[in-house]
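Student: I would like to go through some of the labels used for this model and what each of them rests on.

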Amino acid sequence: MPCKTIFQPIQITLFMKHKLLLAIVSLMTLCTTVQAKDFEWGTATWNIDDQQTFQNIDELNLVGITLTYTNPANFQLTFFNMLAVNYDLYVDDETEPIKAMASSEPGKGLAVNFDYNYVEGHKYRIVTTEALLVQANIATHTTDTLTSNTTDSYSISFEIKGPDLVKTIEVESVMSLAITDQEAQLTYSKLDVNEICQALGIETITEANVCGLNVNGSYCPTEYNSIFDGWRDADGEYTKWGGGWDPYHSHNAYPAVYCVKINESSDTLKYYFYDYWTTYDPEKPDSIGGGSLQQAKRRAPETHYNSIVWDWEWTDSLGNKQVTQYERRYRCDEGSDYKASFAFVANDKMVRVNATMHFVSQEQYAELVTVEGIPASAATFSRKGIYNMSGQRVSTLGRGLNMVPDNSGSYRKVLLR
């Protein structure tokens, strides 16, 4: 009875508050929907002149590309209201547009910011196709369309010049499951800093602005370097290794697959692949999920979730050989290439570095020890090859048990599911 006496009023209070909140949200939505009938789509204006030329992306970012709508009926906007504009983006002389969407900031008026990842050295034309007045719905965590306008279309053209591409450097390296400690067996490519400085006309590399490039060739802002730390998804776009909210792309981060990053002195590129080890539990369900990627704003990259059971042999303090089984999860596919690019910019000139990471089988890795970027320790890998449980030599891991050579030349059992 005492518990009931104390707890019951709290239950009622929380219940009443919840119902009151829902009622307020519903009333706000209803009132705004009614008010939306009075909303009029006034004439919108661009903040730049048509055919305007920007010398570089920094100059464009200073002013931005915005389209501001008027509110002739003085519709009462709230913090929950915002504008969304669908538009076609034409690049250079392309006749097929890129479909994109821009939006205003909640509670900050009707200025729509077209913050696409523009690339220097191109001309752009924006043609709006639809404008929507939407309202955030607290109860459903979605946006409700209050009214739309498909009649009025606005267009603007502009050019971003950017630096001259004076040199392109191609580097590559090889990764494989044969590497069990990616820091101890570091995979890297060396860069000739003097060559880069000479091409840019500078004395030291510190005079250059160094940044990673997105897949479309646009600059990835340097403030996101620590967030991404070089990690990319299956499409090659920057992403977060640990998942969670990605503020650069404004969605939950897509799964990290591989990493290519440059060191502080800009003379070395380092390569990594996603490699997650847990103690193997045979009772655990045999499934690996990828999360609710369909909720993302753009198409989610097709990511492969590979998993093998790895027998790790070690010697205890008494000299006895022991075996610990691990479940090893990775997202790279054998036989696939993974790419990343970087830009060195100074004196209105650019040197572009394109890096390719080849993810190969363990046998191929042992045969390619002379490829630049493979550490000398890779030469200790056995060239005996991989065998299935029928004793047949195979070029790559197959489903079921495999016999795989390790550094010492002996074999360990690997189960590929």
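Tutor: Contact means heavy atoms within 4.5 Å. Helices (H or I, at least four residues) and strands (E, at least two) are DSSP runs, numbered from the N terminus. This is a predicted model, in which local features need pLDDT of at least 70, side-chain atom pairs count only at pLDDT 80 or more, and totals for chains, interfaces and linings use all residues. Residues are numbered from 1 along each chain as its sequence is written, and side-chain values use heavy atoms, with hydrogens and water left out.

Student: Why is serine 266 called buried?

Tutor: Buried means under 20% relative accessible area, exposed over 50%, partly exposed in between (1.4 Å probe, protein chains only). Serine 266 has 5% relative accessibility, so the residue counts as buried. Its contacts include Leu191 and Phe344, leaving aside residues up to four places away in sequence.

Student: Why are the buried residues of α3 said to be on the same side?

Tutor: In helix α3 (residues 193-200), the buried residues are Val193, Ile196, Cys197 and Leu200. They cover an arc of only 100° around the axis, and therefore lie on the same side of α3; the arc is that of the directions from the helix axis to the C-beta atoms. Asn194 and Gln198 are exposed on the other side of α3.

Student: What do the buried residues of α3 pack against?

Tutor: They pack against β10 (164-176), β21 and β22.
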